[in-house]
Amino acid sequence: MSQSNYKLDYDDSTGKDCPKCQHSMVMLRDYLSIEVNEGYTADDDDDSFRPRSFRPLSIIVRGIAHLTNQFFKNTVAPAAAKRAGDKRRIELKETLRVFPNTLICSHCKFLIRDK
Ligand SMILES: [Zn+2]
Ligand SMILES: [Zn+2]
């Protein structure tokens, strides 16, 4: 591969391409400031994983299946996604703290740590 020094001058990019997928890299700090607005349903869902009381009344068995399904769809999945997102964001913030000029691929999340 020849050393052509082409640059991609997107305004929001750093001019560097991801070594893995060739998408443009952005500053991690910019990426994190955008990520905050990514919109999880974040009410006080600390205890949202609490199972509903489970009564063996046949009339609600169907309802329970439905509720459980809805519960997972509406509560557990977003909460898990939020937790995973929070965890990842915490890790990224930690990386950013140690390597303030870290770049991240906006596409595959590949990191290039840089102080
Ligand atoms: Zn990519
Ligand atoms: Zn990439």
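Me: Before we look at single residues, what puts two residues in contact?

Reply: Two residues are in contact if their C-beta atoms, placed from the backbone, lie within 7 Å. Take Leu 28: leaving out residues up to four places away in sequence, Leu 28 touches Leu 92, Thr 95, Leu 96, Thr 102, Leu 103 and Ile 104. Keep in mind that this is a predicted model, where local features need pLDDT of at least 70, side-chain atom pairs count only at pLDDT 80 or more, and totals for chains, interfaces and linings use all residues. Residues are numbered from 1 along each chain as its sequence is written, while chains are lettered from A and ligands numbered from 1 in the order in which they are written.

Me: Thanks! Which elements does the protein have, and in what order do they run?

Reply: Helices (H or I, at least four residues) and strands (E, at least two) are DSSP runs, numbered from the N terminus. Here there are two helices and three strands, and from the N terminus on they run β-α-α-β-β.

Me: How do the strands pair in the sheet?

Reply: In general, strands of a sheet pair through backbone hydrogen bonds, either parallel or antiparallel. Two strands count as paired if DSSP finds at least two bridges between them. In this model the three strands form an open sheet in the order 1-2-3, with antiparallel pairing. Strand 1 (25-27) and strand 3 (111-112) stand at the edges with a single partner strand each, so one side of each has no neighbour in the sheet. Strands 2 and 3 are joined by two bridges, and Ile 104 stands opposite Leu 111 in strand 3.

Me: Which residues make up the largest nonpolar core?

Reply: First, the burial scale: a residue is buried if 20 or more other C-beta atoms lie within 10 Å of its own, exposed if 12 or fewer, and partly exposed in between. A nonpolar core is a set of buried Ala, Val, Leu, Ile, Met, Phe, Trp, Tyr and Cys residues joined through C-beta atoms within 7 Å. The largest one here has six residues: Met 25, Leu 28, Tyr 31, Leu 103, Ile 104 and Cys 105. Across the protein, buried residues make up 6% of the 115 residues.

Me: And is Cys 18 buried or partly exposed?

Reply: Cys 18 counts as partly exposed because it has 19 C-beta neighbours inside 10 Å. Cys 18 is found in the segment before strand 1, and its contacts beyond four places in sequence include Met 25, Cys 105 and Cys 108. Cys 18 and Cys 108 are 90 residues apart in sequence, yet 8.5 Å apart in space, C-alpha to C-alpha.
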